There are 2 protein chains.
Amino acid sequence: MPDRPIPVPALPDGLDTPALVVFVDRVHDNVARLQRDLDARGVALRPHFKTHKSVRIARMQVEAGAAGLTVGTIGEAEVLASAGLRELFIAYPVAARGPKAERLRVLHETADLAVGVDSAEAADCLAAAVRDSRKPLRVVVEVDSGGQRTGVASPGDAVQVAIAASRAGLAIDGVFTHGGHSYRPGGAGAAGLDEVASLEAAARALEAAGFEVRVLSAGSTPSRLLAAEGRVTEIRAGTYVFGDRSQVALEAIDGEDVAAVVAATVVSTGPDHVVIDAGAKALTKDLPAYVEGYGLIPAWPGAVVERLYDYHAVVSLPGGTRRPEVGTVVAVVPNHICPVVDLVSTFVAVDADGRLEHWPVDARGRSG
Amino acid sequence: MPDRPIPVPALPDGLDTPALVVFVDRVHDNVARLQRDLDARGVALRPHFKTHKSVRIARMQVEAGAAGLTVGTIGEAEVLASAGLRELFIAYPVAARGPKAERLRVLHETADLAVGVDSAEAADCLAAAVRDSRKPLRVVVEVDSGGQRTGVASPGDAVQVAIAASRAGLAIDGVFTHGGHSYRPGGAGAAGLDEVASLEAAARALEAAGFEVRVLSAGSTPSRLLAAEGRVTEIRAGTYVFGDRSQVALEAIDGEDVAAVVAATVVSTGPDHVVIDAGAKALTKDLPAYVEGYGLIPAWPGAVVERLYDYHAVVSLPGGTRRPEVGTVVAVVPNHICPVVDLVSTFVAVDADGRLEHWPVDARGRSG
């Protein structure tokens, strides 16, 4: 499948490569656009922090109207809570044992926290972790809407988990799902429908069992508008803030909205390839079946990032292409931006006037 | 291809997962064994720092007899030089422009540095960066021995690069290569032979052109002993220190010598799969063609790490397997350890008595 075009702004001079470069105006536009679209539907936006891991961008999202932040780990939540961003949902079935139990207890006291749950065992661990708290911990039951990852398989199972959680002393907020099957070409429509239907079915079952269901939380970037329907109350898209080559390939965002690239330098040239200094430790080996190579280089049409080593990428060039010289700096659009951000301590934030700042990746490496 | 067995020690209790766990006694054994094997051949060992990025392990290697360290980036060299480990070879064709020129200048003054070069353009940049220094910068000409990544294509090209570098004021130390084609099942033997032959041919050509060739530097972990032949003076293996699933699959190391695993916790269970909390941000999506799935779980025979998300791994279990419970902690042997180490700020170092320490990954993220 040929790539749709991804026009990216010129890179600033003098970058020390490899570098993650973020175009701040595009980030602002992406944040504002999705907020506006969801406001118009009366659905809350709780963006996923794991994409950018930046407190500054999280604040931008909240100031634009986000209802709080979604995180994937206790560690990400700790970073946000320390920064004063306390309206947090850990959309993950946390197994709160050992050191995590104590971390969860402290987090629960310092933040306005909800946590995902998809089993009675995990509910018991969560309840034990916060047993000495004066406020109940809120949980949201995860439902599998077709992604076949986490989440209960049926509305009946959702009721069983909710009963177990409730008996253990947890407060039931509602239900959530992640339509992971939206990450297939053309899959977002069906995944969005599945998300809405699964959440509504689980909500009805919970209500029939006597639970109040305040939250029906859905969404991925591909399904972010498609799932904002029916009784769904909030969307948890994350990648929309930066975009990446996969999202463009899936037609989930436009190429003009890609807001993050990896800047790399040509370090070596061969007869029909060049080597750039963004390897697996800068681009990751994320390689969805629907793209070719480990990233897109908009400035070099037809080039393929064929092989990645820790610090080398071997890029093949189509016949007849003028070979770039050693020292040339080029932008690479990563296949998947989320793990790329986790590789750097700071990124280069460029504004519309070309001014640079270094912004910290505050939650880098907070993978647990 | 079924995996060869990888027996790993029991994990310590109370780990906060995901966690990189290193078995220190195995590291000591791996360091001592290769040093002994190369000492017996009269070939120097200059281990690659990029695998462990730990100053403490680098010191262990030097104390065992290593002739210095190999690094892939200026950033890694800066970390070692700051720690007083100054005998450094950047085995990479550094394009010393912009900020890198100044960093290289400082590094050259503070360390005993050699740098890879495979083009006249890069040689000119290196020379310009150190033009005010009172000592010449030493360079080593990279030769392609079949890996088709970096390095000149022929002995004649090696001479051309050496002449350009010499005219620019750089000192020629010798030649180096990386037999990247050793990373194929059964490929190490041929790659080792190719490394020796390519280096010797390039050395002869340089000598015929009047250069003194002191260094013939070869090696990857699969070819570390196979390339320690003929005129080869040093081996730059890196991964041998920790090992990984790929090295075992390639029969480059024994399963008993794997010294690093990722500890993960079961967070969710399905009818024929479980989900553990080591995703792409803990294991990476490195997936060589000769292994199945994103890591090996020695405790669960037949299990396959089928899918990775940022914080989830979906692990399929063979029919009839007893399903592990939520909260179970399990060791995963990564496919490729080098990028895994770069994801964490510290690892858990366990000694033979089960005592734990947290060791910093000093050069984490120093990818440029």
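**View 1. Where chain B meets chain A in this predicted model**. Let's start at the interface: 52 residues of chain B are in contact with 52 residues of chain A. Several elements of chain B give two or more residues to the side that touches chain A, namely strand 4 (87–93), helix 4 (99–110), helix 5 (120–129), strand 10 (260–269), helix 9 (280–283) and helix 10 (337–341). Strand 10 of chain B supplies the largest share, five residues. On the side of chain B that touches chain A you will find 21 nonpolar, 17 polar and 14 charged residues.

**View 2. How the two copies are related**. Two copies of a chain are related by a rotation about an axis and a shift along it. Here, chain B is superposed on chain A by a rotation of 180° with 0.0 Å of shift along the axis, and the RMSD is 0.0 Å. That is the relation of a two-fold axis. To find the axis in your own view, look for B:K285: among the residues of chain B, its C-alpha comes closest to the rotation axis, at 2.7 Å. Why do the copies meet through the same surface? Because 100% of the interface residues of chain B are also interface residues in chain A.

**View 3. The open sheet of eight strands in chain A**. Strands of a sheet pair through backbone hydrogen bonds, either parallel or antiparallel. In this open sheet of chain A the pairing is parallel, and the strands follow the order 2-9-8-7-6-5-4-3. Strand 2 (44–45) and strand 3 (69–71) of chain A are at the edges with a single partner strand each, so one side of each has no neighbour in the sheet. Helix 3 (residues 74–82) of chain A packs on the sheet, where it touches strand 3, strand 4 (87–93) and strand 5 (112–117) of chain A. The direction of helix 3 of chain A makes about 175° with that of strand 4 of chain A. Elsewhere in the sheet, strand 8 (residues 215–218) of chain A runs parallel to strand 9 (residues 234–235) of chain A, and two bridges join them.

**View 4. Antiparallel partners of strand 13 in chain A**. Strand 13 (residues 313–316) of chain A pairs with strand 11 (residues 273–276) of chain A in the antiparallel sense, over four bridges. Here A:H273 has A:S316 as its bridge partner. Strand 12 (residues 304–308) of chain A also runs antiparallel to strand 13 of chain A, again joined by four bridges. In this pair, A:R307 stands opposite A:V314. A hairpin through four residues joins strand 12 of chain A to strand 13 of chain A.

**View 5. Around A:L126 in the largest nonpolar core**. This core has 282 residues, and A:L126 and B:L126 touch the most other members. Leaving out residues up to four places away in sequence, A:L126 touches A:V94, A:A96, A:V115, A:V117, A:L137, A:V139 and A:L170.

**View 6. A:Y294, a loop residue**. Find A:Y294 in the loop between helix 9 (280–283) and strand 12 of chain A. Is A:Y294 buried or exposed? It is buried, because 25 other C-beta atoms lie within 10 Å, and 20 or more is the cut-off for a buried residue. Leaving out residues up to four places away in sequence, A:Y294 touches A:L283, A:K285, A:L287, A:V305, A:L308, A:A313 and A:N335.

Terms used:
Residues are numbered from 1 along each chain as its sequence is written. Chains are lettered from A and ligands numbered from 1 in the order in which they are written. This is a predicted model: local features need pLDDT of at least 70, side-chain atom pairs count only at pLDDT 80 or more; totals for chains, interfaces and linings use all residues. Two strands pair if DSSP finds at least two bridges between them. Copies are superposed by least squares on the C-alpha atoms of residues with pLDDT of at least 70 in both. Two residues are in contact if their C-beta atoms, placed from the backbone, lie within 7 Å. Axes are lines fitted to C-alpha atoms, for helices over the stretch in contact, and angles run from 0 to 180 degrees between N-to-C directions. Ala, Val, Leu, Ile, Met, Phe, Trp, Tyr, Cys and Pro count as nonpolar, Asp, Glu, Lys and Arg as charged, and the others, Gly among them, as polar. A nonpolar core is a set of buried Ala, Val, Leu, Ile, Met, Phe, Trp, Tyr and Cys residues joined through C-beta atoms within 7 Å. A residue is buried if 20 or more other C-beta atoms lie within 10 Å of its own, exposed if 12 or fewer, and partly exposed in between; C-beta atoms are placed from the backbone.
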